[in-house]
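Trainee: Hi, could you walk me through this one? I'd like to go over the charges and the core with you.

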Amino acid sequence: MHQGVSRAICRWQNHRLLRLRPSICGAAINSPSSLAVYGSPSWSPPSRPLTNAAGELARSYTPISRASTPPPTKSPEELAGAPYIVRRTPSTQLPVYRRSKSGGNRQVVFIKKVDGDRKKLLEDLVESLGVSKEDVRLNPTTQHIELKGNYYDKTKSWLLERGF
């Protein structure tokens, strides 16, 4: 059965065959030194220690210092009487996102997690932020509010002022 396997196929499939059945190609791998010859991966220790001198795990990153988003100022009862509500994310952040388009030349700000009258929210944004009506739209599929332009900081601060 193994006589029909040619040397060319054996050389071409060397890595796969040696790992599955080393005896097919006529190579018997018995020692660790022969594994290195046939290109088997070898393990090497990490280049730096995983613990520091005190025995604690070493950190290889620097934490990002960001101002945390303050909690909502309105109670759930007060928000229930409002025409719309912008709910927080599970990590208690505001659902305002910035996306760059057209190779970074165009900024779009998204407001997600809006419940209630979204059109009223659009009107309030146009009045308060000074955005033109052409630059604000309600996505009919996702029901997210999209603002053309870099209104990210203004939108977040406006939502915080409104108590969301």
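This is a predicted model: local features need pLDDT of at least 70, side-chain atom pairs count only at pLDDT 80 or more; totals for chains, interfaces and linings use all residues.

Trainee: Got it. How many salt bridges does a search of the whole structure find?

Mentor: Four salt bridges turn up. Arg162 takes part in one of them, with Asp124, where the closest N and O atoms are 3.7 Å apart.

Trainee: And where do Asp124 and Arg162 lie?

Mentor: Asp124 is in helix 5, while Arg162 sits in the segment after helix 6, so the pair ties together parts that are 38 residues apart in sequence.

Trainee: Is Asp124 buried or exposed?

Mentor: Asp124 is buried, because its relative accessible area is 9%, and the limit for buried is under 20%. Asp124 also forms a salt bridge with Lys120, the closest N and O atoms being 3.4 Å apart. Lys120 is partly exposed, at 31%.

Trainee: How far apart are Asp124 and Lys120 in helix 5?

Mentor: They are four residues apart, so about one helical turn separates them. Together, Lys120, Asp124 and Arg162 are linked in a network of salt bridges.

Trainee: Switching topic: which residues touch the most other members of the largest nonpolar core?

Mentor: Those are Leu121, Leu125 and Ile145, in a core of 22 residues. Among the elements that give two or more residues to this core are strand 1, strand 3 and helix 6. The largest share, five residues, comes from helix 5.

Trainee: Back to charges, then. Which residues form the positive surface patch?

Mentor: Arg99, Lys101, Arg106 and Lys148 form that patch. Arg106 lies in strand 3 and is partly exposed, with a relative accessible area of 36%.

Trainee: Last one: where is Pro70 found?

Mentor: Pro70 is in the loop between helix 3 and helix 4. The C-alpha atoms of Pro70 and Thr92 are separated by 8.8 Å, with the two residues 22 apart along the chain.

Technical notes
Residues are numbered from 1 along each chain as its sequence is written. Side-chain values use heavy atoms; hydrogens and water are left out. Patches are made of residues with over 30% relative accessible area and no salt bridge: like charges are joined within 9 Å, nonpolar side chains (Val, Leu, Ile, Met, Phe, Trp, Tyr) within 5 Å. Accessible areas come from the Shrake-Rupley method with a 1.4 Å probe; for residues, only the protein chains shown count as cover. A salt bridge is a side-chain nitrogen of Lys or Arg within 4 Å of a carboxyl oxygen of Asp or Glu. Lys and Arg count as positive and Asp and Glu as negative; His and the chain ends are not counted. The place of a charge is taken as NZ of Lys, CZ of Arg, CG of Asp or CD of Glu. Buried means under 20% relative accessible area, exposed over 50%, partly exposed in between (1.4 Å probe, protein chains only). A nonpolar core is a set of buried Ala, Val, Leu, Ile, Met, Phe, Trp, Tyr and Cys residues joined through side-chain atoms within 4.5 Å.
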